[in-house]
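Subject: The structure you asked for

Hi,

Here is the structure, with the sequence alongside. Have a look at it first, then read on for what turned up.

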Amino acid sequence: MLSALRPFSLSSTAPTRAARHSRTAEPMDTVTLSQEKPRGMTLAGKATALFLALGIGLFASGVAIEHFDPITPHPEQVTTQQLEHNRDVCVARFGSKLSTDQVQIERVQRIARTLEPYQSETYTYTLVNNGRVNAGSCGKGTILIEESLATRLTDKELRFVMAHEQGHNELGHTQETLSYLDQGSWRLNVPILNIDPRAGYTLWARGHELAADCYAVRVTGDAASGASALEHSGATAGGGTHPGLQERVQNMNSCPLQPGPA
């Protein structure tokens, strides 16, 4: 019984075994220490992964938005406040200075009366003088004509231009433009998708110009005056939202005629 309680002691062969164990363990320890730990992802790799994840997320969001709220014209979505704001912006851009040329003012009003049979609402034609050769439709029947444009054109040419601007209003282009830009605003914030909203808007707006030309042809029955008005106003090259002269003339010549009052 007592011998079972004696302290444990190595036998005479223990040191030799321990030494052998030590000698065999050394190479194992050396191999273990020579192994390198796996390296973590580099900063560039993390940035790339984050960039890809963000791109995929934005693309998925864009697809979802496009599906549930497609970028198409919805004039009924445009509020009166939006229209009034657009009109104010248009007036500020074109008409911050009213024309004082009474002869041209009376001339514009005289021509405007010949377009009344084709108006679905009351129109206001305002002659402004900012030194630019231009005209614009601001919605709500508000149409601005630059004095420098009016003085360049004959009565027939000016009537075509005024009918063109009236066409933008009658065809709902002002409302559609507001709706398009409102629905497409999300695209401005996702350049990673390589989608330029201006490209789509430009093509869409160019279609509006061609449609307004056809409206003016149907009202005036005078495509030739439309072509000469473009030439005399200097709008031959086109650019941006406006097609060039050749494209517009070809389009006007293919529009169905509906002669209006002289």
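How many of the five residues of β3 are buried? Five of the five are, so β3 is largely enclosed by the rest of the structure. "Buried" here means under 20% relative accessible area, while exposed is over 50% and partly exposed is in between, with a 1.4 Å probe and protein chains only. Strands (E, at least two residues) and helices (H or I, at least four) are DSSP runs, numbered from the N terminus.

Before going further, some ground rules. This is a predicted model, so local features need pLDDT of at least 70 and side-chain atom pairs count only at pLDDT 80 or more, while totals for chains, interfaces and linings use all residues. Residues are numbered from 1 along each chain as its sequence is written, and side-chain values use heavy atoms, with hydrogens and water left out.

Back to the strand. In a regular strand the side chains alternate between the two faces of the sheet. In β3, Thr142, Leu144 and Glu146 point one way and Ile143 and Ile145 the other, and all are buried.

β3 also has partners, where two strands pair if DSSP finds at least two bridges between them. With β1 the pairing is parallel, over five bridges, and Leu127 stands opposite Ile145.

Now the charges. Side chains of opposite charge can pair when their charged atoms come close. There are five salt bridges in the structure, a salt bridge being a side-chain nitrogen of Lys or Arg within 4 Å of a carboxyl oxygen of Asp or Glu.

- Arg132 and Glu146 have their closest N and O atoms 3.7 Å apart. Arg132 lies in the loop between β1 (124-128) and β2 (135-137) and Glu146 in β3 (residues 142-146), so the pair ties together parts 14 residues apart in sequence. Glu146 is buried at 0% relative accessibility, whereas Arg132 is partly exposed at 34%.
- Arg107 and Asp155 have their closest N and O atoms 2.7 Å apart. Arg107 is in helix α4 (residues 102-113) and Asp155 in helix α6 (residues 155-170), so parts 48 residues apart in sequence are tied together. Arg110 joins these two residues in a network of salt bridges.
- Asp213 and Arg248 meet at 2.8 Å, N to O. Asp213 sits in helix α8 (residues 197-220) and Arg248 in helix α10 (residues 245-253), 35 residues apart. Both Asp213 and Arg248 are buried.

Next, rings. The structure holds one aromatic pair. The rings of Tyr123 and Tyr125 have centres 6.3 Å apart and planes at 25°, so the pair is stacked. The rule is that rings of Phe, Tyr and Trp (its six-membered ring) pair if their centres lie within 6.5 Å; planes under 30 degrees apart count as stacked, over 60 as edge-to-face and the rest as tilted. Both tyrosines, Tyr123 and Tyr125, are buried.

Cheers
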